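Reader: Hi, could you walk me through how the two parts of this model meet? I am new to this, so please go slowly.

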2 protein chains.
Amino acid sequence: MKATINITLKNGVLDPQGKAIENALGQLGFGGVNGVRQGKLIEIDLDESDADKAHANLTDMCEQLLANTVIENYDILIDKSE
Amino acid sequence: MKATINITLKNGVLDPQGKAIENALGQLGFGGVNGVRQGKLIEIDLDESDADKAHANLTDMCEQLLANTVIENYDILIDKSE
């Protein structure tokens, strides 16, 4: 079973990387950009075939390793098509 | 209008960061992980209210700046709820 975890900075946390992208887009002539935030995307391929168990497992992974929950939010998307 | 761009490494491109996460998960005792790939997630807030124009604009941004199309794929998701 495949899952995607989106990890984004919480609101209010400074995002210099996003700011740099925003400035670079402006310099390339792309107007009308009000804000850019950069996050991480992690794709995991698991043996687990039960979606609920996989979700619980992935939550543990996020809490323990993948996300810094002080400054980051995570969102787990499980691909049930397989 | 808000949009999210998912940037992932193409298949076959080595992903040492994903490999490091996979190893770290193993060391923490998470079994049954067959593979991990790490990508980027970029959230952009645009003035543009027309979804088609926004999509075209975002495609240009990806081609010119956001993604390295030699080794990365990008996927543009436009949030039409606003």
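Predicted model: local features only at pLDDT ≥ 70, side-chain atom pairs only at ≥ 80, totals over all residues.

Reader: Okay, and how many bridges join strand 2 of chain A to strand 2 of chain B?

Author: There are 13 bridges between strand 2 of chain A, residues 33-46, and strand 2 of chain B, and the two strands run antiparallel.

Reader: How much area do the chains bury between them?

Author: Chain A and chain B bury about 2700 Å² between them, and 62% of that is on carbon and sulfur atoms. On the side of chain B that touches chain A, the elements giving two or more residues are strand 1 (2-9), helix 1 (16-27), strand 2 (33-46) and helix 2 (51-66). Strand 2 of chain B gives the most, with 14 residues, and by class that side has 14 nonpolar, nine polar and six charged residues.

Reader: New topic: what rotation superposes chain B on chain A?

Author: A rotation of 180°, with 0.0 Å of shift along its axis, superposes chain B on chain A with an RMSD of 0.0 Å, and that is the relation of a two-fold axis. The same surface serves both copies, since 100% of the contact residues of chain B recur in chain A.

Reader: And which residue of chain B comes closest to the rotation axis?

Author: That is B:Lys40, whose C-alpha is at 2.3 Å from the axis.

Note on methods
Residues numbered from 1 in each chain as written. Chains lettered and ligands numbered in written order. Heavy atoms only, no water. Buried area = accessible area lost by both parts, 1.4 Å probe. Helix = DSSP H or I, 4+ residues; strand = E, 2+ residues; numbered from the N terminus. Nonpolar A, V, L, I, M, F, W, Y, C, P; charged D, E, K, R; others polar. Pairing = 2+ DSSP bridges. Least-squares fit on C-alpha atoms with pLDDT ≥ 70 in both. Contact = heavy atoms within 4.5 Å.
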